Amino acid sequence: MSLLVLGLSHHSAPVELRERFAYPETAVPGVLARLREAGLAREAVLLSTCNRVELYVATDYPGAEASTALRTFLARDRAVPVPVDHAWYAHQDSRSAEHLFRVASGLDSLVLGETEILGQLKRAYDVALQNGCTGRMLNKLFQAAFSTAKRVRSETGIQRGNTSVASVAVELAEKIFDGLKGREVMVIGAGDTSEKTARALLSRGARSVIVSNRSFDRAAALAKDVGGRAIHFDEWEREFAKLDIIVSSTSAPHYVIDRARLANMLSQRPSRPLLLVDLAVPRDVDPAVKELDNVFLANVDDLQGIADEHVRARQVERARCDVIIQERLERWAGEFLMVCVAPGRLAFE
């Protein structure tokens, strides 16, 4: 019996192709059952996310024959008539296990070291397990992958540090305020990055978000999406006294907040920290505001620089992750893979 993974990911296929092979979770038990009924797999797990569609199988078919048969099955099952063989990747036996260990550990992700994929893998495995589609081989394989990911997370720094502008802004805010619980946020402008930053702040405990934009309709739409409150653009200064964090991202050709204006507003509120997150280009906030007491300013270059440093630090940790994966792979192979192949076949051919 062979172990095989067949997949499409952001490395090999554009989203236009990946979405054609994607499965909603409710459809997964059915496709796994059809695979087994067709004799293509004794055991199977299907992982379908926005960045990848991967099928892990234990099969009696030889590697190349299994890969072809599974591609054909999926193309028919998803009604994709155009040949897309070039976009698929396939790994057999130990290489399948190594690939899964790397996926589970966040080493094959768009954002190196991200943790969401581990939860998605656990859910995909659980769906297959609950529907009777796994057995000795895949149960052992996936448990080994989960324990490998746990070691990578606990013994390396691959997941430390946020790598998006929005996440870095939240990280900075948490340091300044020693946590975000109960903090008041205002978003000036209704762009995509502003929305992501507002959502990230709320997810970490910020009390509420006020949205101000030159187009009140856009402000209202964003406020509705994030569970906040919209105000007209010329009213935002009235809210200033209660604010802890201002996220600004407008298309104004001049500063929306300059030093003199901010100094005057600060004099009318209790003395406490204020974080200004300037996501606009050209900038919305006068850099001179940093000279004011209790005012912290981060522009998009500051945030991107921090994110880039975190990415570089994660790259350095990759080698440590590889050592853990190779150690775990050797142990897994010695314990299990050899006893699961047919007599006379090599496990690592």
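Helices α5 and α6 cross in a left-handed sense. The model in which this crossing is seen is a predicted one. Within the protein chain, the domain assignment gives domain 1 as residues 2-155 and domain 2 as residues 165-305, and the C-alpha centres of domain 1 and domain 2 lie 42 Å apart.

**The pair α5 and α6**

- Helix α5, which covers residues 116-130, packs with helix α6, which covers residues 136-155, at an angle of about 160 degrees and with 11 Å between their axes.
- Because angles over 145 degrees count as roughly antiparallel, α5 is roughly antiparallel to α6.
- On the α5 side the contact is made by Leu-118, Leu-121, Lys-122, Tyr-125 and Leu-129, while α6 contributes Leu-138, Asn-139, Phe-142, Gln-143, Phe-146, Ala-149 and Arg-153.

- Helix α8 (residues 192-203) and helix α9 (residues 216-226) pack with their axes 10 Å apart, at an angle of about 30 degrees.
- Since angles under 35 degrees count as roughly parallel, α8 is roughly parallel to α9.
- The crossing of α8 and α9 is right-handed.
- From α8, the residues Glu-195, Arg-199 and Leu-202 meet Leu-222, Asp-225 and Val-226 of α9, and the residues of this contact divide into three nonpolar, three charged and no polar.

**The sheet**

- Four strands form an open sheet with antiparallel pairing, and their order across the sheet is β2-β3-β1-β4.
- At the edges are β2, spanning residues 43-48, and β4, spanning residues 89-92, each of which pairs on one side only.
- From one strand to the next, the twist averages 10 degrees.
- Strand β2 is joined by six bridges to β3 (residues 52-59), and β2 and β3 run antiparallel; Glu-43, for its part, has Ala-58 in β3 as its bridge partner.

**Helices lying across the sheet**

- Helix α2, made up of residues 28-37, lies across β2 and β3 and runs at about 145 degrees to β2.
- Helix α4, made up of residues 94-104, lies across β1 (residues 2-9), β3 and β4, and runs at about 145 degrees to β3.

Note on methods. Residues are numbered from 1 along each chain as its sequence is written. This is a predicted model: local features need pLDDT of at least 70, side-chain atom pairs count only at pLDDT 80 or more; totals for chains, interfaces and linings use all residues. Side-chain values use heavy atoms; hydrogens and water are left out. Two strands pair if DSSP finds at least two bridges between them. Helices (H or I, at least four residues) and strands (E, at least two) are DSSP runs, numbered from the N terminus. Axes are lines fitted to C-alpha atoms, for helices over the stretch in contact, and angles run from 0 to 180 degrees between N-to-C directions. Contact means heavy atoms within 4.5 Å. Domain bounds come from an automatic or database domain assignment. Angles under 35 degrees count as roughly parallel, over 145 as roughly antiparallel, 65 to 115 as roughly perpendicular and the rest as oblique. A crossing is left-handed if the near helix is turned anticlockwise from the far one by less than a right angle, and right-handed if clockwise. Ala, Val, Leu, Ile, Met, Phe, Trp, Tyr, Cys and Pro count as nonpolar, Asp, Glu, Lys and Arg as charged, and the others, Gly among them, as polar.
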